Amino acid sequence: MKTKYQVIADEIRSKILSNEFVVGKVIPPELQLQKDYGVSRHTVREAIALLVNEGFLRKEKGSGTYVDDTYQRRGDGVSSSKTIGVITTYLSDYIFPSIIRGIEQKLRENGYSLLLASTNNDVDQERECLEQMLSQGVSGLIVEPTKSNQYNPNLAYYLSFKERGIPVVMINAYYEELSVPFICVNDTRAGYLATKHLFEQGHQHLALITKIDDLQGKYRMKGFIKAHEEMRTNFDPKNVYTYTTETKGQVFQTIREKLASDQEVTGIVCYNDEVAQGLIQALADMGKRVPEDYSVVGNDDSFLSTAGSVKLTTLSHPKEELGAAAAEWIMLAVQQEVTGNKIFEPELIIRDSVKRIQ
């Protein structure tokens with residue numbers, strides 16, 4: 001449990017890191033801070049003393065308390081010239097260990113160290129990660145955005161990196177509101193190829209399960225729709241099942257209930273391999289089999305695509321190659337200005353989860 005002065009210090013520190021309190025400018029006087037936080041003068045002074053000690057503030061006698069940038073030069077013992085920050089949504093799940101391995105290996109080969117953090121796809125945790133990276137004085141930042149298809153309250157922090165001359169590159173997705181370089185897979189193409197493959201195998205009535213709080217899901221849905229448009233066939237909006245980070249577990253029950261009464265759907269495009277394997281289990285609970293009763297296509301060619309009883313037809317994801325590309329980009333950007341994005345094109349990987357319908 002944090003003390004009152006620590007809570008106040010945390011809030012002032014956040015305002016400094018997000019540039020609400022600008023370096024070189026005076027912060028509100030102690031009396032104002034007492035009123036704002038409803039605390040004693042002693043508590044305010046303890047909070048200020050802590051931030052002075054950390055290098056975020058400096059006191060000038062007779063003038064006031066100013067925002068300082070000493071913390072950037074300190075870096076808490078971390079060498080700012082050779083440390084790259086990496087923020088991903090997850091660390092040990094799904095394809096993320098492979099991406100991180102690609103980043104770490106390339107950085108290590110070039111004498112850089114890595115400062116790693118994860119957000120669990122939560123914007124509050126993302127804010128904490130960004131503050132950590134700013135206070136540690138990293139020289140560059142690789143980020144997988146958190147809930148990239150929703151408004152993010154942390155966008156100001158990314159502008160703080162830019163104003164401090166710290167390059168940022170995003171991976172897997174990006175914030176459309178920001179002009180930040182990104183390295184991604186062509187997710188529209190992935191959704192298109194998955195859907196087209198089912199059409200080519202004779203399936204006419206398709207369903208889609210996709211995630212809507214991340215940009216990847218938005219573009220994979222776009223590819224699903226594009227394939228229908230190309231085939232000049234309509235899709236039933238009721239056969240598009242969406243979920244968020246918090247509601248993933250509920251989507252399988254919803255689709256089970258719908259498929260139990262819908263005899264038309266024969267092919268299902270899934271957001272990724274994890275969802276595809278979850279769907280296969282949900283179908284098995286209904287007494288249905290893949291591909292005999294339903295054909296299923298995953299995405300990302302993760303280890304899960306070959307771990308289950310049914311080997312998934314899926315779309316490729318470069319994983320380590322993408323991580324290495326991000327590391328190469330950020331190391332170059334530390335030395336000079338770099339522009340442009342890198343987009344990997346996915347390929348269809350055919351296995352056993354799709355049946356051809358005559």
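A residue counts as buried when its relative accessible area is under 20%, as exposed when that area is over 50%, and as partly exposed in between (1.4 Å probe, protein chains only). The model here is predicted, so local features need pLDDT of at least 70 and side-chain atom pairs pLDDT 80 or more, while totals for chains, interfaces and linings use all residues. Residues are numbered from 1 along each chain as its sequence is written, and side-chain values use heavy atoms, with hydrogens and water left out.

Salt bridges come up next: a side-chain nitrogen of Lys or Arg within 4 Å of a carboxyl oxygen of Asp or Glu makes one, and the count comes to 25. Asp-10 takes part in a pair of them, with closest N and O atoms 2.4 Å apart for Lys-2 and 2.7 Å apart for Arg-13. Arg-13 is buried, at 14% relative accessible area, whereas Asp-10 is partly exposed at 22%. Asp-10 and Arg-13 lie three residues apart in helix α1 (residues 4–17), about one helical turn; helices here are DSSP runs (H or I, at least four residues) and strands are E runs of at least two, numbered from the N terminus.

Elsewhere, Asp-214 bridges to Lys-211, with the closest N and O atoms 2.7 Å apart. Asp-214 is buried, with a relative accessible area of 9%, and Lys-211 is buried too, its value being 9%. As for shared partners, salt bridges tie Lys-2, Asp-10, Arg-13 and Glu-54 into one network.
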